[in-house]
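User: Please take a close look at one part of this model, the place where its chains meet, and walk me through it in one connected account.

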Amino acid sequence: MIKAVMVMNTQGKTRLAKFYEYLPVEKQQELLRGVFAVLCSRAENVSNFIDAESIFGPDSRLVYKHFATLYFVFVFDSSENELAVLDLIQVFVETLDRCFKNVCELDVVFNYSKVHTILDEMIFGGQVVETSSSEIMKAVEEISKLEAASNAITLIPKSASGWRSR
Amino acid sequence: MSGPSLMDSLFQRSLEDIIKGLRQQLIGEQAFISKALEEIRKEIKSTDLSTKSTALLKLSYLSNLHFHDLSFAAFHALEVLSSPRFSHKKIAYHAISLSFHDSTPVLLLITNHLRKDLNSTNEFEVSLSLQCLSRIANVDLARDLTPEVFALLSSNKLYLRKRAVAVVLRVFEKYPDSVRVCFKRLVENLENSDPQILSAVVGVFSELACKDPRSYLPLAPEFYKILVDSKNNWISIKVLKIFSKLAPLEPRLAKRVVEPICDLLRNTGAKSLLFECIRTVVTSLSEYESAVRLAVGKVREFLVDEDPNLKYLGLQALRIVAEKHLWAVSENKEVVIKSLSDGDPNIKIESLRLVMAMVSEHNVSEISRVLVNYALKSDPVFCNEILGSILSTCSRNLYEIIVDFDWYVSLLGEMSRIPHCQTGEEIENQLIDIGLRVKDVRPELVRVARDLLIDPALLGNSFLHSVLSAAAWASGEYVEFSRNPLELMEALLQPRTSLLPSSIRTVYIQSAFKVLVFCLHTCFVRGGSIVASASLNNLPAGVSASVSYESFDEFSVENGADASVVHGQTCASAPITKESIVNLLNLVELALGPLLGSHDVEVQERARNLLGFIDLTKPEVLNSAVQEKDDSEGKGVETSKIIKLMHDAFSKELGPVSLSAQGKVSLPDGLKLKENLGDLEMICGDLEPPSSNAFSFGSSYEQKDGLSFSNLQIKEDSEQTNESTSLLAEHRKRHGLYYLPSGKSELVSNDYPPANDPILQGDIDDNADNLVKLTAESLVPKRKSNHGKPRPVVVKLDEVDEKHVAMKKPESRDDSLSGAVRDVLFGCEDVPPTLSQSNLSNKLSSKRKGKEKQHTDPHAESKENVIDDGNSSLRRKDRSHGKERRHRSPRKKNAEERKETNQKEKEKSRRHHGRHKSRQRAEEPLKVSAQTPVIPDFLL
C-alpha cells in the first residue's frame, strides 16, 4: 500500500502532498521536513532509496526521483515493490508531461487541482489502480470536460443573470 | 440573489490569484496567507455555492501546501458537497478527504451524500465518492454503505469495478462483517480476465494476506493460476507477494510454486519482477537449494550493475539470503567489500551489514581492526554505523565469537577514542558486562581503563563520559590488578573531572574510595605478614611476570599490589610507601574537600563517606609513618581492623545478576532488619557539617590550584614511567601491536595530548583490498588450533541471558477480520476455526513426504481424494470428523461429474491445473451453502 506521495522542490517548498491515511497538518509538515532534510543531503547519481523507518515508522520504504527542480517522493510499505514504484513515479511524471506539454515546476504550482486529479486516477486509497499514462490522460480529460461543463452553467449564474436583466 | 453574494462572487479571488499573490510575497508570506484566510472565512459562509466552493478550494490549497488546519470548514464542505454541479462536488470531496477523520463531528452527515453519489449514473461522481470512502470510512460508513459497494463490485464499468475492489480493503478493515457480504464477489473477480480488475483484486488480497496470511490459504489455487498465466508484471509482483506470505505456512504449497517462480526468474525481462522473484525465493523458499542458487546468480547480476538502485537491492537480497546461506555472501564478497567505499550511503550501510554477517570467531579481530581503521576515515554517520555494528556483532549471544577477550577489551578502548564515536553507552555496558562475566580479562580491563582515565583530553568529550564511567568503575572494582594504584587515584581525582556529569562523578568518587582502601590495606594490613596475596593467584603468569620485570628495573620503590607481590616484605616497611600513602590521603582531601558543598546529593554523600574514612584512618597513618616500625601496637591495630573491614566489604566479587534474582532470595533466618547500627554511628559521628568546610563550591582559585597540582603529578609520573603512559597507548594504536618495547624517547610535553592519533593509513581502497584479502583467508575453514589460548569462561545466567527472546511467540492473530474471512472460506460449521486451522497445518506438515494416500485431512476435497477415495477414507483414523465426511459426499459426486465433463479440456493442462479447475467449480456450491468447508485440495 502506498502511504504518501509528495512533490517538493529543491528549496524544500512542498508542491504536492498526499497522505493516504489521515494525519494532522502539523504532522504532515513535520514529515515533509524530515524527508526534505534527508533528500537535500544526498548526492546526485546515488540510489533512489531512503531509509524511511526513522521518519515514517516501521514497515515503510521510500523511493524518490529527482527531476529538474523537483523531487517526487513515494512512501509505501512492504507490499509494494521498490522498482515498480520507481516506475510508477516515471508514469506520474510522464503523465504530467503529457498533460502540460513539457512540464515544469510552475505547471505543478499553478495546476493544483489538476495534478491532484492525475494522481487520484493513478492511486486510489493507497492502491495503484492505473499504470497507463494514456488511460490516465483519457480520464483526466473527461473529468476536465465535466468540470468545464458544470462551470459553463455557472457563467450565467442566477445572481449574474438577475443583475443583467435588471 | 442578494447584494453581498453578488459582490462576493464578482470580486472573489480565485485560487490562481492566491497562488500568484503568494509567489510575489517573498517576505510577507505569512501575512498574505492570514489575510487570504480571513477572506476565505468570510466567503465560505456565503450562500452562493460558487463562492463557497472557490473559498473551499483555496482553503484546501492552503491546508495542503501551507499546513493550515481546515477542520473548521467541515460543515461548509458538506454544504458544497450537496451541490448538483460536478465541479463543486469535486472540490468538496477533495477538501473532505484532506481533512475528515474518525472523530470529525459531521462525519455521519456525509453518509447520504456518499450513497447518492455511489448510485449516480456519472461514473466520475461514483469514483469521487468511492475515493472519499476509501479515505474516510469508519465503522458506521462502512456498515451503511456496504450494499452500494457490493453492487459496484460487479459493475460492468471496469473503471468503477476496480475502484470498488480497492475500496473493499478499507471497508473490510473498518467493518469486518462486510466480509460475509462482499467476499464472494471479491473472489469471483479473481477470475476476471481483465488485467486491471485482476490487478486491483490481487492488490487487495496481497494487503489482506500481509495481515493474516493463514486465512487466505484456501485461495492458493486461484493465486497459482494467476501466477502461471499472468503476463502483467504488476499482477505477478502482487501474486508473488501473496505467495511469499503463504508458502512458509504450507510446505506443499512452497513445493508447488517453486518451479513457476524459477521459470519467471529465468525468463522475465522486467527488473522489478525479477527482484520480486528473488525476494520471494530468498525469504520464503530458502529450503530449495536450486532455487536459491538461481536467485543468488541473479543477485550477482544486480550487484555488478551500474545502476545503484539495483546494486542496493541486490545487497539487500543478499542480506536476507545470508541468514540461511552464508555461502552466497562469501561468493560475492569482493563486490560486497568494494561497496563499503561506494559513494552511496545506502550501499555502504548495506555492505557493512553483510561484512558483519561474514564475521566468525576466526576473523573477527582482523575484520574489526580494518573496520575500525575504516571508521576513523569515514563521515560521522557511517563511522557510528560501523562502530555500532561491530559492537552488536561482537556482543551477540554473550560474546559468542570472541575468543581473545584481552584483544576485545582493548578494541573497545580504542573504539571509544575515535573522534566521532557516539556509541559510548554501548561500550560502557560491554566493558562492565565483560568485567563481570569474564574473570580472566580483568587485568587487561584495568589496563585499558587506566589508559582511558589517565588521558585528560577525553574528559572534554561528552560522548565519552559513559565510557569513562565504566573505566572508573572497572579500575575501582578490580584495582588489585592495577600496576600502579597511585596513578589511578590521581587519574580519578584529576581536576578536569569537574567536567563530568554528577552521576558519573559519583562513580569516580566511589572508585577512588575502593582504590584508597586497597592501598591502605596493602600497605598496613597485608604488608609484612601476608606474602601470598590474593592478586597473585588471580594474575595470569604473563602479566605478573612483566610486572615483576618492570618493578625490578624501574620502580623498585613502587607500592601497590604488584610491589607487594614481588617484593613481599620490603614493601610494607619501605618508608616511601608510607609517605606516598600520606600524599595519597592529602590528595584525596584536597580533591574532594570542595565536593562537600556540591549541589548533587550523591556526589556530596560519597565525598563525605570517603573523607569520613580518611578522617578515621589518617591519624594512625601519620602516626605509623612517623614511627615507621611500631605500627602493630595499640590503635594501629584498630585502624587496620577498619581498613580490613572496608577492604573485605569491597573485595566481595560482583557478578552479573539475573533479572529474576530478587525473587529467589528467601529471607534468611538470622536476619534482623532493625539491628542497632552503633558502629556506623561511630564512623559518621566524626563528620562535621559541610558549612564548616573552608572550600566553597566551585571556587575557581582552588580548582586551578588543584589542577596544576595534579597536572604536575601526572607529568611527573608520565616522565618517570615514560613507556607506561599515553605514549605507549599511542604507539600501540598506531602500530596495532602490543607490548612493543618503546624505542621512542619523546616526552609527553603537552598537557592534553590529542585524544586521537593522526591517521597514517593509506586510502580507503587499500583498506578494502586489505579486507578482501582478510576475509578471503578467514573464510577458508581453519584448523581449530588457530588461537593460542583457550577461550576464557564467560559467566552465563541461563534463564535470563539465553532465552530472553523465547518470550515472543507467534500469536495467532484472531481478530474479527480474519475471523470473518475464515468463516466465509471455511464455513460456519467448522466449529473453532483456529483449531481446525492448526490441526490442518499440523497434519500437513507431518505428512510432508507427499504420500497423498495417507492424508487424513478431513477437509480435503481434492480430485486425488475423489479418485482413491476408497483407500483413503478407509485409512482414516480421525473419527471425530465423521459428520463432515457425511456432508461431503454430495459434493464429491459433483466434483466427479465435473471431472468427467471437463476431462478433455484438462488433458493438456498440467495436473495441478486440472485439480485447480475442479476446485473452482467446487466453489460454486459455496454460493448456495457457504458452510461447506472448502479447503485447498490443491495443496494435497
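**The interface of chain A and chain B**

Analyst: In this predicted model, the side chains of Arg279(B) and Glu82(A) meet in a salt bridge, with 3.0 Å from N to O. On the side of chain A that touches chain B, helix α6 of chain A, residues 133-155, gives the most, with nine residues. By residue class, that side of chain A divides into 27 nonpolar, 19 polar and 15 charged residues.

Taken as a whole, the interface brings 61 residues of chain A into contact with 66 residues of chain B. The area buried between the two chains is about 5,500 Å², and carbon and sulfur atoms give 56% of that area. Within chain A, the residues that lose the most area to chain B are Tyr22(A), Tyr112(A) and Phe124(A), which together account for 14% of what that side buries.

One residue that reaches across is His116(A), which lies in helix α5 of chain A, residues 112-122. Not counting residues up to four places away in sequence, His116(A) touches Asn64(B) and His94(B) from chain B, and Leu16(A), Ala17(A) and Lys18(A) from its own chain. Its relative accessibility is 3%, and because buried means under 20%, His116(A) counts as buried.

The contacts of His116(A) within chain A include Lys18(A), and Lys18(A) in β2(A) stands opposite Val5(A). Strand β2 of chain A, residues 14-19, is largely enclosed by the rest of the structure, because six of its six residues are buried. Its partner is strand β1 of chain A, residues 2-9, which runs antiparallel to β2(A) and is joined to it by five bridges. The two strands form a hairpin with four residues between them, in which Gly12(A) takes a positive phi near 95°.

Leaving aside neighbours within four places in sequence, Leu264(B) is in contact with Leu227(B), Leu240(B), Leu273(B) and Cys277(B). The C-alpha atoms of Leu264(B) and Ile278(B), which are 14 residues apart along the chain, are separated by 9.9 Å.

Note on methods: Residues numbered from 1 in each chain as written. Chains lettered and ligands numbered in written order. Predicted model: local features only at pLDDT ≥ 70, side-chain atom pairs only at ≥ 80, totals over all residues. Heavy atoms only, no water. Contact = heavy atoms within 4.5 Å. Buried area = accessible area lost by both parts, 1.4 Å probe. Salt bridge = Lys/Arg side-chain N within 4 Å of Asp/Glu carboxyl O. Nonpolar A, V, L, I, M, F, W, Y, C, P; charged D, E, K, R; others polar. Buried < 20%, exposed > 50% of the residue type's maximum accessible area, 1.4 Å probe, protein only. Pairing = 2+ DSSP bridges.
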